[in-house]
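Trainee: Please take one part of this model and go through it closely. I would like a single connected account.

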Amino acid sequence: MAARSQGQAARFLQTTGQHASIESDAFTEGSYVLSIGGLEQSHVNLSHPEEIFYEYLRRIGHLVDLAAPPGVPVKALHLGAGALTLARYIQATRPGSQQYAVELERELLDFVLGQLPLPEGTDLRTITGDAQEALGELDPGLMFDVVILDIFSGPEAPAHIASAEFYREVRARLGPRGVLVVNVGDEPGLTLVRSQVAAMRQAMADVAAFAEAGMFQGRYPGNIILAGTQVPWPEEWSAELAARGPHPAKVLAGVDLDPLAG
């Protein structure tokens, strides 16, 4: 499926006062890059949505792979939409999945969907608004196999979302074996990561962290993926995730995660 325009398109975002742009990836045919405020935010391969370019999103994709048997449709909730890279991945790898995406910026959702159409057959409902408010407005009986939170960036985060209370609200929306996946972009020292490990441990049955191995030393900025489960963390998942990469990959769970527990 082709994007509606070649080259670059742009849109002003009212909420943040920044400009979003989508331009062709000069190095990968059929791929596009979403930038916000001049910074690359998402990468989409329309020709092969099952291929994910950014390393942290690939790690999230691997967690989604483990959330249910291969190819089985899931119910997924995306808190933070971006270019809907992961929604496209889920549709490509699990056709028939029912998905919801919440995004604070109405203009961003319209822009992305207008420029980068979703794969045919995608069952995606988009919701504009705050993540916590949108969560409360969903049908009370709607439960998810996976919830992906991709909002945090840097040492500061919305207090009402970066909390054990919010994670308890999310857990109430997860099925018996549902998985909460949180992308935490942080600075050296990992202050936000530590606070979120502690908060998720108060809300979820178990928590693990998945990242490039050097990130756990806290010496440079980057992304660490946190995964909260409704059951004890499956030990076999640690080996599977480490093997899938991107390499070098490391998973911390149980007592190994304690140093990051805030």
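Mentor: Start with alanine 199, which is buried, because its relative accessible area is 7% and the cut-off for buried is under 20%. Bear in mind that the model is a predicted one. Alanine 199 sits in helix 6, which covers residues 191-203. Once neighbours within four places in sequence are set aside, the contacts of alanine 199 are Ser163, Ala164 and Tyr167.

Helix 2, residues 85-93, is largely enclosed by the rest of the structure, because seven of its nine residues are buried. The buried residues of helix 2 are Thr85, Leu86, Ala87, Arg88, Tyr89, Ile90 and Gln91.

The remaining topic is a pair of helices. Two packed helices are described by the angle between their axes and the distance between the axes. For helix 1 (residues 55-67) and helix 7 (residues 235-244), the axes come within 10 Å and cross at roughly 140°. Helix 1 is therefore oblique to helix 7, since roughly antiparallel would need an angle over 145 degrees. The crossing of helix 1 past helix 7 is right-handed. On the helix 1 side, the contact is made by His62, Leu63, Asp65, Leu66 and Ala67, and on the helix 7 side by Trp237, Glu240, Leu241 and Arg244. By type, the residues of this contact comprise five nonpolar, one polar and three charged.

Definitions and conventions:
Residues are numbered from 1 along each chain as its sequence is written. This is a predicted model: local features need pLDDT of at least 70, side-chain atom pairs count only at pLDDT 80 or more; totals for chains, interfaces and linings use all residues. Side-chain values use heavy atoms; hydrogens and water are left out. Helices (H or I, at least four residues) and strands (E, at least two) are DSSP runs, numbered from the N terminus. Buried means under 20% relative accessible area, exposed over 50%, partly exposed in between (1.4 Å probe, protein chains only). Contact means heavy atoms within 4.5 Å. Axes are lines fitted to C-alpha atoms, for helices over the stretch in contact, and angles run from 0 to 180 degrees between N-to-C directions. Angles under 35 degrees count as roughly parallel, over 145 as roughly antiparallel, 65 to 115 as roughly perpendicular and the rest as oblique. A crossing is left-handed if the near helix is turned anticlockwise from the far one by less than a right angle, and right-handed if clockwise. Ala, Val, Leu, Ile, Met, Phe, Trp, Tyr, Cys and Pro count as nonpolar, Asp, Glu, Lys and Arg as charged, and the others, Gly among them, as polar.
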